Amino acid sequence: MFAANGISKSFVGTHALKNVDIEIRPNEVVGLIGENGAGKSTLMRILAGTHRPDSGTLTLDGQPLRLRNARDAAGHGIGMVFQEQSLLLNMTVAENIYLGQEHQFTRFGILNWRAMNDASRRQLAKIGVDIDVTARASGLTFAARQMVELAKALTLEESVDRPLVILLDEPTSVLSASDIDVLFARVKSLKSRASFVFVSHRLEEVLRISDRVYTMKDGAVVAEHRSQDVTAPALHEIMVGRGLHTEHYKESKQSVPRSEVIVEASKLGVAGAFHDVSFKIHAGEIIGIAGVVGSGREEITRTIGGFLPQTEGALRIKDASVRFTSPEQAVRKSIGYIPRERRVEGLVMFLSVAENITLADLSCVMRGGAINYKEERKLAVDWIKKLRIKTPGPDAACRKLSGGNQQKVVLARWMTAGSQILILDHPTRGLDVGAKEEVYDLVRDLSAQGIAILLISDTLDETIGLSHRVLVMRDGEVTAEFDASRGNKPDQVELLREMV
Amino acid sequence: MKNSFDFRSMISNSWVQGAIPPALLAVLIIIVEIGSPGFLTGETLALLLSNTAVLFILATGVTFVILIGGIDLSIQAVASLASVILAQLLPSMGLLAFPVAIAAGLVFGILSGVVHVWLRVPSFVATLATGGVVAGMALWLANGRAITIEEGGRASTSWINATIVGTPVVVLIAIGVGLASYLGLRYSRFGRQSLAVGAGEPAAYAAGINVDRTKIVAFALSGTLAAIAGVVLAARLSSGSPSLANQLLLPAIAAVIVGGTAITGGLGGVGRTAVGALIISIVRIGMTFVGVNIFAENVVFGAVLIAAVAITIDRSKIAIIK
């Protein structure tokens, strides 16, 4: 039995895991569910040895286990099939399967390709798939790559004399329904020889394949069920964790949008990403887009932000037809993009708070053609006060700030630049509850000032709670639109039905 | 193990904060003073500064490129080409040869920038290649030989070798270039934007900064300053040659890094490069004193550059060094 007891892990400023206990028994498929940010991936990485816990222990068959890296874990028969597929696409299937273990096929430093290819075929035969082991991974479908990853994990059987534990991190997110059936059939047939941990946010799938299900929320395991004792809606409620506390999203501050149309997308599309998308955003309106990864909603924000030019349809910003080929053009049209990758795209971490605030528009602190450092400082101090940014001072480098305060600096920048349209791409990702509420407060204030806002978010709850209207997307198309004005918030289940 | 790592991170921190290079310079000056009292006064000081001037101008140009996170390996070729153009045109054009030679540097700087930005070629490859092209053109123009600036041409270059109130004009030129570059970096939109691009290009791009233009301007400045360094050198040596500046690339880049500008971009400036150039110059003099073979100088500069980068590079910023 493989068990984790009292595991805690925090990253700078956030508690990713709090005192988590789980156990994985022999010949069992354990499901692990939770919303994005609930801590599933962090827990998996700890089980796989790629992250080390701050406290808590792992035990294998009662013996304490200290994993320093993935190789350590592999030595104990713990293998992981990664969410972002980890195959090296420029290598052949066989090379991938035995990556890092080639020594068993080498003599005098020369690799015996035939032996490695034959061994790879044997591995693939274990799961009953027929894939050319000399083909490059780049030529395989996602489903086939997943099978290769599974075969790769199964090579551990030969070097470890105990049943394997195989961690499957969101394996179905890129698979079609029939591929999922194939994967599940393989997992079931391998159950006699290995245990599996299956991570997903698709509840029906988890219930179908798992014997037991752990539910995670905000870094903790909040429930454990036998699969036959529980239903998907019941799990969903536990996973989301509460009825709608409307005040969490400052709903009483939700103002009524104005009549002026600020953004109008008509039959907008980007080849291969989304298609035939039409919507309007009025002044002061917050439009949320709900959809799973790959639904095309991320690309819509990138198109309006100027990163990804549309290939079809029209985009109008305040009565001017536009087609942006760079964010610079979008910024000129008073669009501000608040990215999910705050540390990469949001802020220049090594520049100061003041310098980041004037990054999009220096002209307001330029006097006679030169930057006026006194004015710039004054402007920054004003914003620090107004938004209650916690910082040692306007000259502190942004990397020294916590996530919530960094987010406020990004907002201050776009306000300084006079943005009238804000794109919020997962605005509260990685923030703790208090910081989230502050961001919600600010978003409400901005909306009341007449700023048009496009929102995509990690949780449906947040999307519904903040927005005036919610568009639902699936496979690159808008499948439904819901009114979410104050007092008329739709139910998550209604949205989910249109999403998947 | 742990201790040496801490020591390194401490050094890299304070080095990058800019405290160590001036201290190092001060130590070097004291050593020279003790070893040879009075060396750093009067004529020998003027000579030292004049010798530093060309290196400093070259290094200032490449500072702009390093700040945006790139590198310019074409500067020595551009400087040499400018010297050749100057030497060839002086007899017929007189003083007008100067702007022509410098404009050539501007053109090739822009070319490097355009190749890097539009064709998405990494800057070290782009400038290695344009540097090759430029060096070839210099050889071609000069027919492979050094061109002596004859008596007639020297009338137009003598002002560079003059002194004003005891200060060599070359030093004044270097001070002028340094001051303009310093002010430009600190107070202009371009200066701020180049720091942002160097420190966090994706964020700068997302904030609406024209990253491509900023980069091309940095390369254009580098080329222009390289050409200025080339004509000053040609005037001092009364000769233009396709290999005139060949030994200057390594010391120039070493000066920038030793001065405390981060090789990864986004942090540093012209003041630091001035300190770095002086350090390199004094080290060079020190080597002559100690009796290091003049041909072995670049052995030392190479080692100094490696040491400076190894000590100062911020490994938390880059996971994989390619």
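How many salt bridges are there between chain A and chain B? In this predicted model the count is 2, a salt bridge being a side-chain nitrogen of Lys or Arg within 4 Å of a carboxyl oxygen of Asp or Glu. Arg192(B) forms a salt bridge with Glu376(A), with the closest N and O atoms 2.7 Å apart.

The model is predicted, and local features need pLDDT of at least 70, side-chain atom pairs count only at pLDDT 80 or more, and totals for chains, interfaces and linings use all residues. Residues are numbered from 1 along each chain as its sequence is written, chains are lettered from A and ligands numbered from 1 in the order in which they are written, and side-chain values use heavy atoms, with hydrogens and water left out.

At the interface, 27 residues of chain A are in contact (heavy atoms within 4.5 Å) with 21 residues of chain B. The two chains bury about 2,000 Å² between them, 64% of it on carbon and sulfur atoms; buried area is the accessible area (1.4 Å probe) that two parts lose on being put together, summed over both. On the chain A side, Glu328(A), Phe350(A) and Tyr373(A) lose the most area to chain B, together 27% of what that side buries.

Chain A contains an open sheet of 4 strands in the order 14-13-16-17, with antiparallel pairing. Helices (H or I, at least four residues) and strands (E, at least two) are DSSP runs, numbered from the N terminus, and two strands pair if DSSP finds at least two bridges between them. The edge strands of chain A are strand 14 (274-282) and strand 17 (320-322), each pairing on one side only. Strand 13 (residues 261-270) of chain A pairs with strand 14 over 6 bridges and with strand 16 over 5 bridges. Glu264(A) stands opposite Lys280(A) in strand 14, and Leu268(A) has Val277(A) as its bridge partner in that strand. In strand 16, the bridge partner of Gly269(A) is Glu312(A). Strands 13 and 14 of chain A form a hairpin with 3 residues between them, and Gly272(A) in the turn has a positive phi of about 85°.

In chain B, the axes of helix 9 (residues 189-199) and helix 11 (residues 211-237) come within 10 Å and cross at roughly 110°. Axes are lines fitted to C-alpha atoms, for helices over the stretch in contact, and angles run from 0 to 180 degrees between N-to-C directions. Helix 9 and helix 11 of chain B are therefore roughly perpendicular (65 to 115 degrees) to each other. Residues making the contact include Phe190(B) and Val197(B) of helix 9 and Val211(B) and Leu221(B) of helix 11.

Notes. Parallel < 35°, antiparallel > 145°, perpendicular 65-115°, else oblique.
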